[in-house]
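This report describes selected parts of one structure. Please look at the sequence and the model before reading on.

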Number of protein chains: 2
Amino acid sequence: MAGPSGDVPLRPRAMRDRNRALVLDAVARHEPVTRAQLAARTGLTKSSVSSIVTELLAAHLVVEQGAQRGSELGRPGTALTLARDGLAGLGLEVNVDYLAACVVDLARRTRVQYVEVGDNRARDPAAVAELLARLAAAAVAAARSQGLTISATCVAVPGLVDQETGAVARAPNLDWSGVPLRRLLAGRVPAALTPVLVENEANLAALGELWFGDGAGLGDYVHISGEIGVGAGIVVAGELFRGAHGHAGELGHTTLEPDGAACACGGRGCLELFCGQEAILRRAGLDPAVSTSTGRADGPVSTLVGQLAAGDGQALAALEVAGRSLGVAAASLVKLLDPDTVVLGGIYAVLAPWLREPFQRALLAGIPMTRAAPPRVAISALGPDAAVRGAAGLVTASMLARPGALLSVSARA
Amino acid sequence: MAGPSGDVPLRPRAMRDRNRALVLDAVARHEPVTRAQLAARTGLTKSSVSSIVTELLAAHLVVEQGAQRGSELGRPGTALTLARDGLAGLGLEVNVDYLAACVVDLARRTRVQYVEVGDNRARDPAAVAELLARLAAAAVAAARSQGLTISATCVAVPGLVDQETGAVARAPNLDWSGVPLRRLLAGRVPAALTPVLVENEANLAALGELWFGDGAGLGDYVHISGEIGVGAGIVVAGELFRGAHGHAGELGHTTLEPDGAACACGGRGCLELFCGQEAILRRAGLDPAVSTSTGRADGPVSTLVGQLAAGDGQALAALEVAGRSLGVAAASLVKLLDPDTVVLGGIYAVLAPWLREPFQRALLAGIPMTRAAPPRVAISALGPDAAVRGAAGLVTASMLARPGALLSVSARA
DNA sequence: ACATATTCGTCCGCGTTCCGAACGATCTCG
DNA sequence: CGAGATCGTTCGGAACGCGGACGAATATGT
């Protein structure tokens with residue numbers, strides 16, 4: 001029952017908090033930037049900006065870069081940028097056939113990135129947690145040698161997550177159910193990495209696209225993430241739409257044919273049966289059973305790409321089917337959510353040369369004259385990397401959004 | 001792209017604005033209420049609440065009701081309630097087969113409500129605007145005799161609206177396209193009723209349910225509005241989800257059968273072909289062509305209800321089909337948006353005794369083990385009245401949310 | 001009847017924060 | 001080298017919320 005946008009009274013302190021976040025955000029967006037430019041951009045006065053910047057400098061969130069060479073008149077300003085050598089976010093990912101870790105600094109530069117291939121379906125959740133913790137330790141060590149300090153961690157998983165407990169309620173493709181991932185990691189990871197967030201992979205991939213891809217021009221968008229499952233991440237006004245229980249975006253089990261084939265989820269004619277990774281491979285005549293790689297390294301998807309490039313008829317037909325069915329589902333989604341853009345990510349980014357055309361055709365056919373302009377269709381620049389980086393980015397984003405919490409963490413270097 | 005929740009700097013003035021809205025909202029929710037209770041509820045101190053209440057009293061938004069009889073110890077407080085005799089909102093509705101107007105006061109009591117039946121497809125948009133303006137004038141006169149002053153107007157229309165211009169981009173069931181409704185009304189209505197908002201009917205019906213129905217317990221919900229078209233209104237955290245262009249919630253043209261029958265929208269196998277009002281009537285063996293009434297008064301829907309109550313097989317089968325198809329579409333919607341509740345509104349509220357069971361069955365079948373708890377299914381308490389009242393409520397809600405704008409409007413009575 | 005406890009609403013002084021104007025600093029251009 | 005422009009700082013003023021103190025109004029106990 002949120003009343004007027006948040007039921008909390010606004011005190012001078014909260015006012016300062018928000019203006020601090022406003023300035024820090026403007027630095028992140030426009031660095032390098034001078035105090036005067038910040039004042040113009042945020043609408044605050046020069047005095048207020050100065051006072052806030054002083055705090056941000058003391059907290060080591062922002063650093064001065066010396067005089068800004070301006071070809072204009074007057075005294076040049078001092079350039080401000082986000083600190084590159086201070087706090088950073090750690091992103092982890094558990095997927096069906098690999099683990100990944102990456103470290104991102106405040107300026108959203110990826111400073112460390114590790115991937116470790118291996119079939120996690122064959123492993124016990126605790127064993128996966130153990131491997132992931134080791135990967136994390138390696139990434140943190142590499143980050144420390146670059147002068148970075150991890151402030152928090154976020155783990156991407158291909159399934160539904162209970163935000164409160166950090167447990168994976170259900171991840172069908174991993175065959176996980178009720179796995180308390182946060183607790184499993186908490187015991188295996190130094191306390192400096194906590195808190196550990198757990199979040200759905202498709203959601204994080206959408207945010208990854210926002211922060212590390214072409215996010216700027218997307219507006220409100222839906223990021224469709226093709227992996228072994230099919231998920232959608234919905235971003236509205238720069239923020240993730242999570243739904244009431246954090247489970248929004250489950251696109252893979254949209255019903256396409258009410259009387260179609262049975263799906264593992266219990267339903268019938270689900271989208272995943274037409275354009276999930278395994279369905280595509282099978283239709284193309286490839287064996288999806290072996291170490292299914294999500295488009296990275298060598299794996300069935302690269303094999304498929306090879307066949308497509310060679311003009312293999314069966315493979316091309318499989319993508320025609322996938323694109324068309326995905327387009328039909330996307331049309332319904334677009335009519336329901338009215339986004340500016342639809343982004344194809346995950347393996348769909350890799351398969352875009354063959355997928356895009358039938359997808360777009362079906363999408364437009366399903367959105368007739370009802371809307372002024374059809375949504376743009378964009379291809380993810382990140383592909384399968386989007387989720388880990390989105391996870392790390394989520395950590396740094398929350399630092400940028402709440403700088404107040406970090407003010408006392410000054411004395412570092 | 002919105003940075004830290006709004007790119008506007010927070011000044012002392014904005015702080016006051018928000019706290020004013022916070023207090024006013026608390027009054028609305030808990031009236032009658034004393035200053036001390038408001039302080040406890042909002043988290044502000046007694047001093048701040050006192051100061052804000054003084055302003056609200058001066059603006060005639062709130063009135064004192066004399067001493068509050070408390071069975072407790074100590075000095076009793078003075079009860080505060082929203083003013084019943086001051087500002088009010090005017091809601092209008094253009095639908096296929098009727099026009100409606102209603103006036104709602106700050107306390108969300110419906111003070112005036114008029115409905116005028118008549119087929120608007122047969123009329124020119126300008127003629128409709130003329131009739132609507134006359135209905136509005138009558139409603140306003142009735143409101144004035146109760147001591148109410150209209151502060152603004154909102155019009156509900158069954159189609160896609162351009163929020164900027166207040167024009168109806170397309171309303172297929174009215175056969176309107178590019179009708180500048182705001183401009184048509186502006187010339188025919190006294191200036192005191194402006195500004196005139198124009199908004200989609202399904203969206204307003206959802207808000208109507210929130211404010212005038214069982215809104216309290218719904219949480220985040222989707223209100224499915226069955227009329228001649230089928231629309232959905234999505235409410236998240238007490239606010240409407242409009243999408244990037246204000247066109248979100250178009251459920252009626254979700255594709256159910258990609259190779260199904262052609263729909264007027266240009267697509268194939270659309271949901272409306274299975275559970276739109278005309279489809280249901282036709283399948284039940286009734287003639288939908290005559291003055292199709294949206295469940296109010298006498299009309300084909302009441303005829304249908306009669307047949308259903310009598311146990312007519314063809315009619316029951318029609319509702320079985322409608323319920324099942326609506327349930328399938330709702331299942332996809334639920335997986336995409338993850339709401340707490342799904343509300344059946346419009347004619348579906350009237351048909352609920354026969355619709356609910358197949359609907360719920362299909363809905364649950366489509367949401368297997370993937371979610372912790374399936375969404376609740378609720379039946380609208382308002383039915384076809386939801387939209388007009390939501391329109392009027394939207395006006396009063398925006399007054400409550402931005403009391404600052406009304407402070408100078410004091411001298412009334 | 002009267003004192004006491006309790007709660008309500010107001011008042012006043014204080015701290016935080018933003019704003020606006022003025023000022024010195026620094027650079028470009030002629 | 002002076003005029004003009006821009007940058008960042010500083011200082012006083014104003015708005016606002018906070019906290020404690022105070023009088024008002026009521027119930028309870030003796």
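## The surface near DNA strand C

Around DNA strand C there are 31 residues, and A:Arg75, B:Ser50, B:Gly74, B:Arg75 and B:Gly77 come nearest; a residue is near a strand if its C-beta atom, placed from the backbone, lies within 6 Å of it. Two or more residues each come from helix H1 (12–30) and H3 of chain A and from helix H2 (35–42) and H3 of chain B. Helices (H or I, at least four residues) and strands (E, at least two) are DSSP runs, numbered from the N terminus. H1(A) gives the most, with 5 residues.

This is a predicted model: local features need pLDDT of at least 70, side-chain atom pairs count only at pLDDT 80 or more, and totals for chains, interfaces and linings use all residues. Residues are numbered from 1 along each chain as its sequence is written, while chains are lettered from A and ligands numbered from 1 in the order in which they are written.

## The surface near DNA strand D

DNA strand D has 30 residues around it, of which A:Ser50, A:Gly74, A:Arg75, A:Gly77 and B:Arg75 come nearest. Here H1(B) provides the largest share, 5 residues.

## A bent helix in chain A

Helix H11 (residues 347–365) of chain A bends by about 85 degrees at A:Pro353; the bend is the angle between axes fitted to the seven residues ending there and the seven starting there. Among the buried residues of H11(A) are A:Trp354 and A:Phe359, where buried means that 20 or more other C-beta atoms, placed from the backbone, lie within 10 Å of the residue's own.

Terms used: Expected span 1.5 Å × (residues − 1). Buried ≥ 20, exposed ≤ 12 C-beta atoms within 10 Å, placed from the backbone.
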